[in-house]
Amino acid sequence: MVRRTAAIRGESLGSVTARGGDWRYSRLFEVKAMSQLTTRPQLAHLTASLDELRAKGTYFKLRILDDQQAPICHYDGRKVINLASNNYLGLANDPRLIEAALAATRKFGVGSGAVRTIAGTMRIHMDLEEKIARFKNVEACVVFQSGFTANAGAVSSILGKDDFILSDELNHASIIDGARLSRAKIKVFRHKDAAHCEELLKEIANEPGHKLVITDGVFSMDGDIGIVDKLAALAEKYGAIMMVDDAHASGVLGRNGRGSVDHFGLHGKVDVQVGTLSKAIGCLGGYVCGSRDLIDYLYHRARPFLFSTSHPPAVAAACMAAIDILEAEPERIERLWSNARYFQGELKRAGFNVGGVTTPASETPITPIIIGDGRATMEFSRALFDEGVMGTGIAFPTVPEGNARVRLILTSEHTKAQLDQALETLERVAKRMGILEPARKE
Ligand code: PMP
């Protein structure tokens, strides 16, 4: 069957693959043929823009994980200490989640077969939504295919062209895209600057449109915590809707990882809470929590919900198992924070800029090592990889120009020995490359 498919693929490309019928060979050939398409003049501007990235030293190749998303794993065939994933609590390969996924697959199949509103709402999807709603202490919840679609789908459907969105300048891309899709007027306030947000709210106080104040609960690139409390108070004062994106706060902040609303004691004061199932929860997906009417409205109007197929049952089952673990094993979150405190303390002691100088200071397990220059950052990341430490280099446009960094993320599953080894490598490579002071003086 596979051989036949390969032969058909080969034929359609007019290739030699039909000769051998080896599908691996045909795949190689197919990739080659596809890459040749980019030399067509219609796409020459894409090639030019990639050439620009190469010239700036920020072009990257995807690193390929050969085994599980674990503290020690193999990328591109090299054994590394993995400090790059969002698998905060080690749940991505927890045996209980794996078993739950397998059991659900055997019972309910691999696919849901349709979008939620047509025929793709399975009992297990409803069970997951109820479980998250109870966990977050809200009336209701809707699960989306990802955190990205949860943000973009919610913002774009809650607001319309006569409305206003007041958004922190460092909010996630999915919020920005959702805001653009809504066609609401976008007012960006300076990062975590409540006074600036209030100024903007005052300016539009007499406008008839709805207003939405939105912040990340934890900012993904710097690891600082959003001023959810101050913004919620402003939203209350000016009659605005309050929304928070807890992608990096879910499973990390608040009791048992309930997120920033719980962390700040703001239950009932935040109208729209978004979270992700793709990071600490270890699987895939996003959700919006709030009132029953908010969720019913999103069932009727959020476009990713209406127009894109729902999760496979395995994902829903694994997510439910993860929430049980959050409830039962808070010690995982304690281990995560203790690893983060230890690691960040040691980095500071070694003289690294881990934020707090020209960029916000991290308050969570997200650990940026600020380098500044994009090329130097990518070179540092590659050198670390060669020495057995996986830390992703992040440059413009993901972070502002001049603020490139290697971003490291701790998990509850890293051992002290692994962290010490990573610290030794970081310090040695940074000195060699002139990123840390002592080497510059030599
Ligand atoms: N919001 C923030 C702040 C994020 O960092 C991310 C993930 N990069 C998302 C939303 C999107 O989440 P997901 O990966 O589940 O789509």
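Reader: Which residues come nearest to the ligand?
Author: This is a predicted model. Of the 14 residues around the ligand, the nearest are Ser146, Gly147, Ser220, Ala247 and Ser278.

Reader: How does that shell divide into nonpolar, polar and charged?
Author: Two residues are nonpolar, 10 are polar and two are charged.

Reader: Which helix gives the most to the shell?
Author: Helix H7, residues 147–158. H7 contributes three residues.

Reader: What does H7 lie across?
Author: Six strands: E3, E4, E6 (211–216), E7 (241–245), E8 (272–276) and E9. H7 runs at about 45° to E9.

Reader: Which other helix packs on that sheet?
Author: Helix H12, residues 292–301. H12 touches E3, E8 and E9. The direction of H12 makes about 30° with that of E3.

Reader: OK, the sheet itself. What is the strand order?
Author: E3-E9-E8-E7-E6-E4-E5. It is an open sheet of seven strands with mixed pairing.

Reader: Which are the edge strands?
Author: E3 and E5 (185–189), and each pairs on one side only. Across this sheet, neighbouring strands are turned by 20° against each other on average, direction ignored.

Reader: Mixed pairing, you said. In which sense do E3 and E9 pair?
Author: Antiparallel, over five bridges. E9 covers residues 286–290. Cys141 has Cys289 in E9 as its bridge partner.

Reader: And E4 with E5, parallel or antiparallel?
Author: Parallel. Five bridges join E5 to E4, residues 164–168. Leu166 is bridged to Lys187 in E5. Strands of a sheet pair through backbone hydrogen bonds, in either sense.

Reader: Back to E3. Why is E3 largely enclosed by the rest of the structure?
Author: Because five of the five residues of E3 (residues 140–144) are buried.

Reader: Which residues sit on which side of E3?
Author: Ala140, Val142 and Phe144 are on one side. Cys141 and Val143 are on the other. Both faces are covered, and these residues are all buried. In a regular strand the side chains alternate between the two faces of the sheet.

Reader: New topic, the three-stranded sheet. What is its order?
Author: E10-E13-E12. It is open, and the pairing is antiparallel. The edge strands are E10 (366–372) and E12 (392–394), each pairing on one side only. The twist averages 30° from one strand to the next.

Reader: How many bridges between E10 and E13?
Author: Six, with E13 spanning residues 404–409. Gly372 stands opposite Ala404 in E13.

Reader: Which helix lies across E10, E12 and E13?
Author: Helix H16, residues 374–386. H16 runs at about 35° to E13.

Reader: Last one, H5 and H14. At what angle do they pack?
Author: About 145°, with their axes 7 Å apart. H5 is residues 95–108 and H14 is residues 313–328. The crossing of H5 past H14 is right-handed.

Reader: Which residues meet there?
Author: From H5, the residues include Leu97, Ala100, Ala104 and Phe108. From H14, they include Pro313, Ala317, Met320 and Ile325. By class, the contact of H5 with H14 has 15 nonpolar, one polar and one charged residues.

Key
Residues numbered from 1 in each chain as written. Predicted model: local features only at pLDDT ≥ 70, side-chain atom pairs only at ≥ 80, totals over all residues. Axes fitted to C-alpha atoms, helices over the stretch in contact; angles between N-to-C directions. Helix = DSSP H or I, 4+ residues; strand = E, 2+ residues; numbered from the N terminus. Left-handed = near helix turned anticlockwise from the far one by under 90°. Contact = placed C-beta atoms within 7 Å. Nonpolar A, V, L, I, M, F, W, Y, C, P; charged D, E, K, R; others polar. Near = placed C-beta within 6 Å. Buried ≥ 20, exposed ≤ 12 C-beta atoms within 10 Å, placed from the backbone. Pairing = 2+ DSSP bridges.
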